[in-house]
Amino acid sequence: GGDGPCSSSEASSSSSSSSSRQACGASRSGARAARSGVLLRATQSGGIAREVLRKPDRTKVDLTDDRDFYAFPRLVTHVDDHFLAQVTQLYRERVPPGGVVLDLCSSWVSHLPPEVEYSKVVGHGMNAAELARNPRLTQFYVRDLNTAPMGWEAKDDTYDAVLCCVSVQYLQQPEAVFSEIHRVLKPGGVAIFTFSNRMFPTKAIAAWRDAPSGYARTQLVKQYFMAVPGFTAPEALTQVALPNRPAPLSTRLPGPLSTLAKLFERTASDPFYAVLAYKEAR
């Protein structure tokens, strides 16, 4: 993924509570879905089994249209080099060379390993000028995932990997987005979300802003995966070993000293978190 935004304004209203009840087969969850703007689908593989967020959890401080907020290109990175090096190494380890990749919420850079070739890299974002500057993209498109989280133009089983770097915090309808990710992934394909403690606070959802720790945010993203049947159990990572670099000091110290060293290492740069899962084979 890049460092770009996911989406825009508040989610649009959905169908009536009664029709939502028929869609999901549970009256209370259907009513909640109608109020929150989330369409619950049947619980077969790739459907949405449950809502993770309540309506208040999805709200943002800034309710203005994100198309205005993101209209001016931001040709910067929002996390430090050590964080991004871990993102690139994780992609090197998990994204198959020669594969078809979707860089979700992308920007002017994708953080893919420069020496690895892919058959196609499709970029999604909210600013066409940023996406046009990204040399790794084969093609790109602009779409607001908060107002149009489902119905992507990609066919089923298109991508070997879907990536999203430091943008999951802006998703107001993550259940629907993760359902679409499952749909467009090939069986065995991987979805990787990386994030830190950085954000545009007025555009991040309340559930993310109010989470007390990186651990809590990691658990939230794991719940997004678990709300969609057909993903493997999500993995959570807090660091990725970088080749040709000394092992962290914390790995070479005993007991309490190791704990103190880990704390120092986590505060010396932007903390790294990744949550990933694979689409189960049919």
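Visitor: How many salt bridges does a search of the whole structure find?

Guide: Please keep in mind that this is a predicted model. Side chains of opposite charge can pair when their charged atoms come close. A search of the whole structure for such salt bridges gives a total of 10.

Visitor: Arg54 forms a salt bridge with Asp57; is Asp57 buried or exposed?

Guide: The closest N and O atoms of Arg54 and Asp57 are 3.0 Å apart, and Arg54 counts as exposed, at 54% relative accessibility. For Asp57 the relative accessible area is 15%, and buried means under 20%, so Asp57 is buried.

Visitor: Which residue forms a salt bridge with Glu115, and where does that partner lie?

Guide: Glu115, in the loop between β1 and β2, is linked to a distant part of the chain, 23 residues apart. The closest N and O atoms of the pair are 2.7 Å apart, and Glu115 counts as partly exposed at 48% relative accessibility. The partner is Arg92, which lies in helix α4.

Visitor: Which strands stand at the edges of the open sheet?

Guide: The open sheet has seven strands in the order β3-β2-β1-β4-β5-β7-β6, with mixed pairing. Two of these strands have a single partner strand each, so one side of each is left without a neighbour in the sheet. The edge strands are β3 (139-142) and β6 (235-237).

Visitor: What is the bridge partner of Leu237 in β7?

Guide: β6 and β7 (residues 273-278) pair in the antiparallel sense over three bridges. In β7, the residue bridged to Leu237 is Ala274.

How values were computed: Residues are numbered from 1 along each chain as its sequence is written. This is a predicted model: local features need pLDDT of at least 70, side-chain atom pairs count only at pLDDT 80 or more; totals for chains, interfaces and linings use all residues. Side-chain values use heavy atoms; hydrogens and water are left out. Two strands pair if DSSP finds at least two bridges between them. Helices (H or I, at least four residues) and strands (E, at least two) are DSSP runs, numbered from the N terminus. A salt bridge is a side-chain nitrogen of Lys or Arg within 4 Å of a carboxyl oxygen of Asp or Glu. Buried means under 20% relative accessible area, exposed over 50%, partly exposed in between (1.4 Å probe, protein chains only).
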